[in-house]
Amino acid sequence: MNRPVEYTITFFAWISGIILVAAIGMLISFLLYKGIPSLNLSLVFGETSPLDALLIRKEVVDGLFPAIVGTTLLVLTSVILAIPVGVACGIYLAEYCKTRWKPLYNFFIDVLAGIPSILVGLFGFALSVFLHKHLSEHIYPCFLISSLALACLVLPYIIRTTEQSLGNLPFSIKTTALSLGASRLQNILFVLIPHNLSGIISGIILAIGRCAEDTAVIMLTGVVAMAGIPHSLLSQYEALPFYIFHVSSSYNSQMELMKGFGASIILLAICICLFTISNILKRMAANRFATRT
Amino acid sequence: MKSFLEKYAERGFLLSAILSASVTIFILSFMFLFSIPLLKGGHIVQFLRLGWNPHDGKFGILPMMVGTVIIAFYALLIATPFGIGCAALISVFSRKGFSSLLRKLVEIMTGIPTVIYGFVAIFLLVPLIREIFEKGTGMCVLSASIMLALLILPTIVLFISDAFNSVPKNYLDAADALGATLVQKLIYVIIPSAWKGIISGLVLAAGRAVGDTLIALMIAGNALQIPRGLADSARTLTSHIALIIASDYESPEFKSIFICGLILFVFTTLIVLILRLLGYFEILREK
């Protein structure tokens with residue numbers, strides 16, 4: 001291989017690195033440049049006083065507050081729905097599952113993890129149509145359907161991280177309590193899970209991030225542009241990512257656009273924080289046993 | 001008493017596992033259930049044919065399929081060389097401090113919400129593309145492909161750099177002993193022994209590109225036509241689903257979106273099968 005070719009390849013690698021950094025830098029700095037001026041309390045609360053809004057004494061009409069509350073409630077509900085099933089499934093796959101059945105479960109969960117989020121949304125929508133026809137006339141796409149669909153979306157993340165963090169434990173830790181006479185369940189609850197809790201939590205935080213950023217699922221399952229704070233599980237609601245999408249497609253004034261930029265910064269900050277925490281926890285969990293296996 | 005608890009806990013775990021696996025089956029069966037009326041009517045051929053005009057009873061989803069394939073293809077075409085270049089930079093060329101910094105940046109990129117990529121693209125990329133082509137709105141195949149490439153780039157980079165890192169160390173030592181330069185090591189040792197990982201990363205990225213909704217919906221223009229060039233507006237299967245959700249549950253155009261859903265589902269399953277064949281999940285689990 002001659003010199004010029006070698007130089008070209010090295011040069012190209014550096015160029016692609018620079019392009020990547022530049023692209024992401026431009027994206028974030030553009031967002032900050034446009035959005036920073038609009039970041040203030042009235043962006044969130046409009047003309048209502050923050051205290052009144054937080055205590056839900058007054059409705060916030062022209063701020064992001066309902067969207068932020070909607071996203072928070074949505075994330076909480078879906079993660080609470082997904083955690084027990086996901087963690088239990090992960091425990092089953094890591095500890096109980098027979099090797100004969102494991103590939104089958106793995107296949108289904110891998111497919112679920114790969115399904116485009118719009119399909120999960122379509123599933124939620126179809127579910128609401130089905131329930132509307134066969135169960136109750138009052139069921140339309142709503143908060144509950146959205147959180148169910150989002151729970152399905154993030155289930156594989158929780159399952160995988162739980163399974164991996166239990167499976168990656170050193171053999172000695174897995175077997176010590178068992179050899180001392182602990183039962184399988186005791187071993188899982190008091191030894192295995194506490195030993196790698198940070199791994200499991202990193203999966204849950206990743207799931208929270210995915211819930212918060214996802215737009216395709218909620219678009220099909222009941223999010224609307226103006227709804228206020230959701231009052232019941234069957235009501236429609238607002239959410240931050242959908243607000244951004246809505247602004248981008250149908251803004252009427254510069255004011256509204258500025259609010260869109262503000263909302264983008266808030267969402268970006270939330271998501272990056274969550275993903276960073278998740279990554280740090282994952283690294284901690286991985287490093288813990290790296291040295292003494 | 002203890003064995004009683006033990007038994008029920010195990011059953012609970014088993015039940016959750018079955019529930020999780022059946023979510024996939026539920027999704028598939030709902031897609032089927034809702035598209036049965038159309039499949040039964042023998043309209044399948046009609047669906048694959050050209051044209052979309054609900055008033056004339058035309059529900060061809062061919063334009064959407066072509067749009068999906070073209071946008072995803074260009075995105076992969078743009079992202080692949082840069083992805084491999086970046087991965088090589090992280091794993092081979094740069095020093096440890098810089099490479100871990102770059103890697104962290106790429107990891108952070110995976111956390112940026114899709115809707116934000118789309119939102120920024122509307123105000124940053126679309127006007128630029130409009131200037132370049134000097135016609136149309138700038139919402140076209142090219143804009144969507146560029147943005148989609150940026151979206152799937154982290155997946156490609158992280159995966160391929162992992163594949164590069166998992167090349168056995170004695171291979172590298174042997175190459176070093178023979179006096180190979182970094183580029184020679186990359187071309188003759190690392191890439192040949194990590195090709196499975198490279199392909200897996202690209203297949204995974206293709207899955208992401210086809211499955212993404214927001215970018216195509218926001219900046220591909222959503223015109224119902226088969227795109228004939230980079231400057232044409234196009235609609236993908238995913239954005240088609242998002243656009244058609246109509247209030248009339250009985251209308252044929254509403255049911256046709258479930259056919260789109262089925263196609264996407266089959267595609268996802270294919271991706272998972274290919275990745276299995278390549279041993280991707282084994283690579284992932286070993287880590």
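## About the model

The model is predicted, so to speak of local features a pLDDT of at least 70 is needed, side-chain atom pairs count only at pLDDT 80 or more, and totals for chains, interfaces and linings use all residues. Residues are numbered from 1 along each chain as its sequence is written, while chains are lettered from A and ligands numbered from 1 in the order in which they are written.

## Where the chains meet

Let us start with the two chains: 65 residues of chain B are in contact with 68 residues of chain A (two residues are in contact if their C-beta atoms, placed from the backbone, lie within 7 Å). On the chain B side, helix α1 (residues 2-40) gives the largest share, 18 residues. Helices here are DSSP runs of H or I with at least four residues, numbered from the N terminus.

That side of chain B has 43 nonpolar, 18 polar and four charged residues. Ala, Val, Leu, Ile, Met, Phe, Trp, Tyr, Cys and Pro count as nonpolar, Asp, Glu, Lys and Arg as charged, and the others, Gly among them, as polar.

Chain B has domain 1 (2-42) and domain 2 (46-286), with bounds that come from an automatic or database domain assignment. Six residues from domain 1 of chain B and eight residues from domain 2 of chain B make the contact.

Chain A is split into domain 1 (1-38) and domain 2 (40-288). The C-alpha centres of these domains of chain A are 32 Å apart. Here, five residues of domain 1 of chain A are in contact with eight residues of domain 2 of chain A. The domain 1 side is made up of two nonpolar, two polar and one charged.

## A helix pair in chain B

Now look at helix α6 (residues 141-165) and helix α9 (residues 195-211) of chain B, which pack at an angle of about 155° with their axes 9 Å apart. Axes are lines fitted to C-alpha atoms, for helices over the stretch in contact, and angles run from 0 to 180 degrees between N-to-C directions. The two helices are therefore roughly antiparallel (an angle over 145 degrees).

## One residue up close

B:Leu202 sits in helix α9 of chain B. This residue is buried, with 20 other C-beta atoms within 10 Å; the term buried applies at 20 or more such atoms, with C-beta atoms placed from the backbone. Not counting residues up to four places away in sequence, B:Leu202 touches B:Leu76, B:Thr80 and B:Ile156.

Terms used: Angles under 35 degrees count as roughly parallel, over 145 as roughly antiparallel, 65 to 115 as roughly perpendicular and the rest as oblique. A residue is buried if 20 or more other C-beta atoms lie within 10 Å of its own, exposed if 12 or fewer, and partly exposed in between; C-beta atoms are placed from the backbone.
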